[in-house]
Amino acid sequence: HGKTTTSAMIVTALEAAGFEPSYAIGSELTGRGSGARLGGDIWVIEADESDGSFLNYSPELAVVTNIEFDHADFYPDPEAYFEAFAAFAGRIRPSGRLIACAADKGADALMERLRAAPSGPAVTAYGAAGGWRDLGLAGDHLALNAEAAGLAAQAFGADPALVRAGLAAFAGAARRFEPRGRAGGVAVYDDYAHHPTEIAATLAAARRLAGTSGRLLVVFQPHLYSRTKQFAAAFGRALGAADRVWLLDVYGAREAPMAGVDSGLIASAMPGGAAALARDRAAVPPAVAAAARPGDIVLTMGAGDVTELGPAIVAELEARG
């Protein structure tokens with residue numbers, strides 16, 4: 001479950017309790033037009049493990065939501081990935097605290113290592129009971145994010161009742177199950193999920209929202225050739241929770257193409273007929289709109305420029321009446 005949403009929730013929780021935190025987050029907070037603000041002395045920073053840059057920080061408090069191998073272009077194997085998180089935890093100030101998710105194997109292993117150390121920060125686990133589900137947030141992953149954020153805010157003296165009230169009204173962050181519009185009884189959302197676990201969590205939340213009659217139509221854009229190669233089968237399993245999937249070409253970002261690595265690897269790991277390779281990007285919005293029916297949910301998903309298709313899909317739905 002995402003560090004961006006958890007960071008945004010910590011800001012929300014602190015503000016609800018009367019604090020004015022400074023923050024630097026990797027997405028816009030809904031309604032603010034920015035993911036950064038210079039406020040008071042408490043800084044909420046979304047630290048990035050993708051290139052090891054989170055090792056530049058020495059925080060008073062750190063939240064680790066999950067440790068599941070990713071960024072194969074930077075880390076040679078899962079062990080190196082975990083050791084980077086262990087090094088990050090080792091940079092927490094001795095008087096500080098690690099808050100980590102007991103429901104995640106990697107984060108739980110990190111807590112065990114810190115507890116076994118002769119000295120170091122305090123350790124607080126969350127998620128054993130599934131998070132703060134009573135807040136009514138969409139999806140178990142958001143309930144877990146809320147619990148982590150609430151514990152972090154309370155560690156700085158925030159009133160628990162104010163924290164919970166603020167999180168119950170959490171407005172979200174850009175590209176985190178962000179509504180893009182509704183037309184013809186079809187709701188269109190956009191999400192940054194680009195790892196199989198993130199996709200599974202987002203689709204589980206969307207499935208609950210769609211209910212028993214609505215279908216999930218997903219436009220997915222794989223991000224990075226190395227990630228597509230590493231997780232093709234897992235992507236296929238996660239996307240199998242959708243009713244229809246349109247697979248865009250891989251968004252290479254900083255990587256050059258890799259021989260034999262394309263969206264077809266994911267399609268081959270999915271149930272027959274569920275996935276369509278969308279080589280012609282311009283044809284996707286009309287195709288999705290033609291397939292959608294009232295009650296369905298459409299999700300554009302991925303870390304690349306797939307987000308641009310959401311408004312086009314809404315426009316196609318509107319044109320169809």
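Let me start with a single side chain: Tyr 75 has a relative accessibility of 6% and so counts as buried. Please keep in mind throughout that this is a predicted model.

Phe 74, for its part, is partly exposed, with a relative accessible area of 44%. Both residues belong to one aromatic cluster, which also takes in Phe 54, Phe 69, Tyr 81, Phe 85 and Phe 88.

In the structure as a whole there are nine aromatic pairs. One of them joins Phe 54 and Phe 88, whose ring centres lie 4.9 Å apart and whose planes make 15°, so this pair is stacked. Phe 54 sits in the loop between β3 (43-45) and β4 (61-64), whereas Phe 88 is part of helix α2, residues 78-90, and the pair therefore ties together parts that are 34 residues apart in sequence. Phe 54 is buried at 2% relative accessibility, and Phe 88 is buried as well, at 7%.

There is also a contact of another kind to point out, in which the charged end of Arg 164 sits over the ring of Trp 132, at 4.6 Å from the ring centre.

Let me turn to the sheet. Six strands make up an open sheet with mixed pairing, and their order is β7-β8-β12-β9-β10-β11. Which strands stand at the edges? They are β7 (178-183) and β11 (275-277), and each has a single partner strand, so that one side of each is left without a neighbour in the sheet. From one strand to the next, the twist averages 20°. The partner of β7 is β8, residues 186-191, and these two strands pair in the antiparallel sense over five bridges, with Gly 181 standing opposite Val 188 of β8. Helix α6, residues 196-210, packs on this sheet, where it touches β8, β9 (216-220) and β12 (297-301), and its direction makes about 165° with that of β12.

Finally, I would like to draw your attention to two backbone positions. His 71 has a positive phi of about 60° although it is not a glycine; this residue is found in the loop between β4 and α2, and at 8% relative accessibility it counts as buried. Leu 224, likewise a residue other than glycine, has a positive phi near 80°. Where is Leu 224 found? Its place is the loop between β9 and α7 (225-239), and with a relative accessibility of 1%, Leu 224 counts as buried.

Terms used. Residues are numbered from 1 along each chain as its sequence is written. This is a predicted model: local features need pLDDT of at least 70, side-chain atom pairs count only at pLDDT 80 or more; totals for chains, interfaces and linings use all residues. Side-chain values use heavy atoms; hydrogens and water are left out. Rings of Phe, Tyr and Trp (its six-membered ring) pair if their centres lie within 6.5 Å; planes under 30 degrees apart count as stacked, over 60 as edge-to-face and the rest as tilted. Helices (H or I, at least four residues) and strands (E, at least two) are DSSP runs, numbered from the N terminus. Buried means under 20% relative accessible area, exposed over 50%, partly exposed in between (1.4 Å probe, protein chains only). A charge sits over a ring if NZ of Lys or CZ of Arg is within 6 Å of the ring centre and within 35 degrees of the ring normal. Two strands pair if DSSP finds at least two bridges between them. Axes are lines fitted to C-alpha atoms, for helices over the stretch in contact, and angles run from 0 to 180 degrees between N-to-C directions. Contact means heavy atoms within 4.5 Å.
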